[in-house]
Amino acid sequence: MLSVIYVSVADPMIGEQDIAELLVQARRNNQRDALTGALIFNGHNFMQLLEGPADKVDACLAVIRADPRHSGMIEIRRRTIEERAFAEWTMLYDPHFRSHDEDLARVAAHGRLDPQDALMMQNFIALGRRSPPVASDGR
């Protein structure tokens, strides 16, 4: 099996309804293709971990690369795995990030999520929680 993590820049006009539609489509297709994973949106960027049969993962990534709802897709980790980290989820997602840390910790606690993957995801989530910088003139 193959596991890939990528990041991309979300279309600035993407809204909650767009993401909801993306998730319906991803979950349906992932169930059909025996793929599992997690999608994180931090307000500006996407990070996704996708896992399953190598040919299905690569086919899915080709479709994702062509999706106009994001751009600049970069794979940040690709490796062969023996066991799925997100076996219970066709696509884990939480729009408010409130349960991601808990879900990631639970998966990692079972020894199924690589600690470096967990740290990458938690840091990515934390970037979305940061407030924009305040200008030096107080604006």
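Analyst: A strand here is a DSSP run of E with at least two residues, and strands are numbered from the N terminus. In this sense valine 9 belongs to strand β1, and this residue is the starting point for a description of what is a predicted model.

Valine 9 has a relative accessible area of 40%, and because buried means under 20% and exposed means over 50%, valine 9 counts as partly exposed. Setting aside the neighbours within four places in sequence, the contacts of valine 9 are with His44, Asn45, Arg69, His70 and Ser71. For one of these, histidine 44, the C-alpha atom lies 6.3 Å from that of valine 9, although 35 residues separate the two in sequence. Such a pairing can be set beside a figure for the whole chain, in which 73% of the contacts with a separation of 6 or more are between residues 24 or more positions apart.

The strand that holds valine 9 is part of an open sheet of 4 strands, ordered β2-β3-β1-β4 and paired in antiparallel fashion. At the edges of this sheet stand β2 (36-41) and β4 (70-80), and because each has a single partner strand, one side of each is left without a neighbour in the sheet. Direction ignored, neighbouring strands of the sheet are turned against each other by 15 degrees on average. In general, the strands of a sheet pair through backbone hydrogen bonds, in either a parallel or an antiparallel manner.

The greatest contribution to the lining comes from α1, with 7 residues, and by class the lining consists of 11 nonpolar, 6 polar and 4 charged residues.

The helix α1 gives the most to the lining of the second largest pocket as well, with 4 residues. The volume of that pocket is about 200 Å³, and of its 10 lining residues, Gly15, Glu16, Ile19, Tyr93 and Pro95 are the closest to the centre.

Between α1 and β2 there is a loop that contains alanine 34, a residue other than glycine with a positive phi, near 60 degrees. Most residues other than glycine have a negative phi. Like valine 9, which is partly exposed, alanine 34 is also partly exposed, with a relative accessible area of 38%.

Seen as a whole, the chain has 4 helices and 4 strands, which follow one another along the sequence in the pattern β-α-β-β-α-β-α-α. Of its 139 residues, 42% count as buried.

Methods
Residues numbered from 1 in each chain as written. Predicted model: local features only at pLDDT ≥ 70, side-chain atom pairs only at ≥ 80, totals over all residues. Heavy atoms only, no water. Nonpolar A, V, L, I, M, F, W, Y, C, P; charged D, E, K, R; others polar. 1 Å grid on protein atoms, 1.4 Å probe; cavity = no way out; pocket = protein on both sides within 12 Å on 5 of 7 lines; lining within 4 Å. Points joined across faces, edges and corners; volume = space filled by probe spheres on them. Pairing = 2+ DSSP bridges. Axes fitted to C-alpha atoms, helices over the stretch in contact; angles between N-to-C directions. Buried < 20%, exposed > 50% of the residue type's maximum accessible area, 1.4 Å probe, protein only. Contact = heavy atoms within 4.5 Å.
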